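Student: I would like to learn how to read pockets and salt bridges in a model. Could you walk me through them?

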Amino acid sequence: MEKRTLKQLLKKYERGECSEKEHQLLHDLYQSFQDDLPQNRWVPDHVGDSIFTNIEQKAGVKGAFPIGRVAASVIFILGICLSVVVYLNPSNVPAGEISHATAKGQKKTIVLPEGSTVRLNSESTITYSENFVQNRQVVLTGEAFFNVKRKMEKPFTVKSGEVQTTVLGTSFNVDNSDDHTVAVTVASGKVRVESNVQVVHLVPGEQGVYTRKLGKLTASKVNVETYTGWKDGILEFKGSTLTEVAGKLEKWYGVRILFESKQSGLCQLKLKFRNQNLKQVLDQLAVVTGVSYQFEKMDQVKIIGIGCKAQ
């Protein structure tokens, strides 16, 4: 989409003439500026206001409606950095399908055409048909939390690898980011989870896990927040090694973490963070494990020392 086309779309928005697809595009652009900034960055409010004011002046767009300030920045950035953004019909998505994806360190909220919402975790993708209102089916790679509008006559289906999850109206998490398992965790309502040969029915507080190597689907009771807290900015570890923690931090914050020394594997870290930036998390890890760290680049961290070293 060219800068001029985006301005025209914003004018349509002001006049109330946007189609469903155009509304979704503007929503995604707005949400991307809310969600997509790396979580280890911090800009004082007065500096941010100054930047937005400058952008508005250069773009020639004032914040006359809720999306205005963000849209102005989008126009300005597109005008400087890009000539075209392939968005409404990405070349790698088949005709008749819509796809949304997130990069490392990014989360995104998507409003589906019939009103259900999807919170997409880092490095994840959902794809669905343009005819979604009649056929409520999405394909998920990675992880997402779904809040599904109830429609008795039209079940909502999520396909994630070998597992299919079907609901009428409920909220649940699907994690298809692991090579070994697919996990479905239910927050509300009832969910049907099926593999090729097995079916389980889940209620709130239950989780279904499909183990790929065994081809087996099992159900158990869990603490739901442990598996869904990510959507609310909660980062939790329950008995993880320092190496495992580093892997999750890379995905969460969109950085690369290197170890100066091979780790002992003795750390069994039980930690919980809520909406904290990378430096705050690393500071606490340093206290708990005895390591230190340094930023080699804005997006690269070196861990120095051996965590939880045997005495």
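Tutor: We will take a pocket and then some charged pairs. This is a predicted model, where local features need pLDDT of at least 70, side-chain atom pairs count only at pLDDT 80 or more, and totals for chains, interfaces and linings use all residues. Residues are numbered from 1 along each chain as its sequence is written, and side-chain values use heavy atoms, with hydrogens and water left out.

Student: What is the volume of the second largest pocket?

Tutor: Rolling a probe the size of a water molecule over the atoms shows where empty space is left. Here the volume is about 790 Å³. Of the 26 lining residues, E143, D175, S177, Y227 and K248 are the closest to the pocket's centre. (On a 1 Å grid over the protein atoms alone, a pocket is an open set of points where a 1.4 Å probe fits, with protein on both sides within 12 Å along at least five of seven lines; lining residues have an atom within 4 Å of a point. A volume is the space filled by probe spheres set on the points, joined across faces, edges and corners.)

Student: Which strand gives the most to the lining?

Tutor: Strand 14, with six residues; strands are DSSP runs of E, at least two residues, and helices of H or I, at least four, numbered from the N terminus.

Student: How many salt bridges does the structure hold?

Tutor: Side chains of opposite charge can pair when their charged atoms come close. The structure holds nine, each a side-chain nitrogen of Lys or Arg within 4 Å of a carboxyl oxygen of Asp or Glu. One of them joins E225 and K272 at 2.7 Å, N to O. E225 sits in helix 5 and K272 in strand 16, 47 residues apart.
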